[in-house]
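Student: I am new to this structure and would like to go through it step by step. Could you show it to me first?

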Amino acid sequence: MNAPADKSPQPVQPAGVGAPETAVVLTADRPAPKKKTFWTQLKASMAMFSNRKSAAGLIIFGVFTLVAIFAPWIAPYDPTEQNLDATLQPPSFQHLMGTTHIGEDIFSQLVYGTRGVLVVGFLATIIATVLAIVVGVTAGYLRGWKSEALSALSNVFLVLPALPLMIIIASQFEDPPLFLIAVVLGLTGWAWGARVLRAQTMSLRNRDFIQAARANGEPLHRIILVEMLPNLMALIASSFVGTMTAAVLGLTTLAYIGVIPVSNLNWGTILFWAQQNSAFPDYWWWYVPAGLCISLLGVGLALINFGIDEYVNPRLRSAGERARAMKKKGLKLNDAVTAVRIDQPDEENVKA
């Protein structure tokens, strides 16, 4: 029998006399790495707001922000304009939320009051968040007496009675500006965020990438800003939202009890004037809308905070993903018994 033909590949002679042989390596085509753009980085940084709770909270907060920005165009009247011919009128087409005892339009006061609430809330939250980051992250990274001193400082501010302190400081000024009110709220609201950031930083400082940066001789400010802060952004965002909620409630409380001058228009001053003029309970349109705005803003901030907590906590994130998967399959979350599919037997099998 003839031997089977040798089908092994023959070496290919190189073209050209004396040219060296070359080996050709065949590799699979790899997809080119995706180029990072501004929108991809923005999407990655906003991943914590991708769930429904955060989306709903952002929508509510965004509506209030737009109302505060475009207040002069939204409000139909000047908030302090008086019309003695239309006092204590219920809601109507002319006055959407009624009028006060001197004919002021309550809807216009709510719109302009939103600006005062958000401005003070933002300023107080930024001050408190910056202090919390500086004190908390530094206390968590350092060791020894420096860390203990910063921790003791945050503990002192944590146990201080915030509301009486705000009343004492605000009462020292005849007409305290909004910036001073924001500073007082910020100085009394940073301690809790600093405690949380300190605990998380203490767990990060022993990680391998922090030890490698320290071994390479990186300065302290670069280790904190470049290595640690990106891993703390979710906690910082959660602390920001919680601090803003406390600042809004603190501002409206100070305005309601009369510590802040009534010239600083916000939702709390609306409630203050309603209480001073015995609007409870007959003239409900004077105090109910302001209370609903405070509650709705609090709900929006709480939903944002819930979404961030779900993003930060792996257990909550897996539970949320599992719940959404069950809803897509048509299963109820509170079912105690697992649904089992039972096929009906054919008639021929039953007869057999």
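Student: Which residue forms a salt bridge with R222, with the closest N and O atoms 3.8 Å apart?
Tutor: This is a predicted model, in which local features need pLDDT of at least 70, side-chain atom pairs count only at pLDDT 80 or more, and totals for chains, interfaces and linings use all residues. Residues are numbered from 1 along each chain as its sequence is written, and side-chain values use heavy atoms, leaving out hydrogens and water. A salt bridge needs a side-chain nitrogen of Lys or Arg within 4 Å of a carboxyl oxygen of Asp or Glu. At 3.8 Å, the partner of R222 is E227.

Student: Is E218 buried or partly exposed?
Tutor: Buried means under 20% relative accessible area, exposed means over 50%, and partly exposed lies in between, using a 1.4 Å probe and protein chains only. R222 has 34% and counts as partly exposed. E218 has 28%, so E218 is partly exposed.

Student: How many helices does the protein chain have?
Tutor: Helices (H or I, at least four residues) and strands (E, at least two) are DSSP runs, numbered from the N terminus. The chain has 0 strands. Along the sequence, the pattern is α-α-α-α-α-α-α-α-α-α-α-α-α-α. The number of helices is 14.

Student: What share of the contacts with a separation of 6 or more comes from residues 24 or more positions apart?
Tutor: Contact means heavy atoms within 4.5 Å. Among contacts in the protein chain with a separation of 6 or more, residues 24 or more positions apart account for 68%.

Student: Which residues does T201 touch, not counting those up to four places away in sequence?
Tutor: T201 sits in helix α8, residues 191–204. Its relative accessible area is 0%, so T201 is buried. Its contacts are G136, V137, G140, Y141, M228 and L232.

Student: Which residues is A71 in contact with, leaving aside neighbours within four places in sequence?
Tutor: A71 lies in helix α3. With a relative accessible area of 0%, A71 is buried. The C-alpha atoms of A71 and T114 are 8.4 Å apart, though 43 residues separate the two along the chain. The contacts of A71 are V111, Y112 and R115.

Student: Which residues form the nonpolar patch of about 560 Å²?
Tutor: Patch residues have over 30% relative accessible area and no salt bridge; like charges are joined within 9 Å, and nonpolar side chains (Val, Leu, Ile, Met, Phe, Trp, Tyr) within 5 Å. Accessible areas come from the Shrake-Rupley method with a 1.4 Å probe, and for residues only the protein chains shown count as cover. Helices α2 (52–69) and α3 (71–74) each supply at least two residues. The patch is made of L66, I69, F70, W73 and I74.

Student: How many aromatic pairs does the structure hold?
Tutor: Rings of Phe, Tyr and Trp (its six-membered ring) pair if their centres lie within 6.5 Å; planes under 30 degrees apart count as stacked, over 60 as edge-to-face and the rest as tilted. The total is 8.

Student: What kind of pair do F272 and W273 form?
Tutor: Their centres are 5.4 Å apart.

Student: Why is the pair of W284 and W285 edge-to-face?
Tutor: The ring centres are 5.8 Å apart. W285, at 8%, is buried, while W284, at 44%, is partly exposed. The pair is edge-to-face because the planes stand at 80°.

Student: Where is P281?
Tutor: P281 is joined to F280 by a cis peptide bond, with omega about -10°. P281 is in the loop between α11 (267–276) and α12 (284–312).

Student: Is S278 buried or exposed?
Tutor: S278 is in the loop between α11 and α12. Its phi is near 55°, a positive value in a residue other than glycine. At a relative accessible area of 53%, S278 is exposed.
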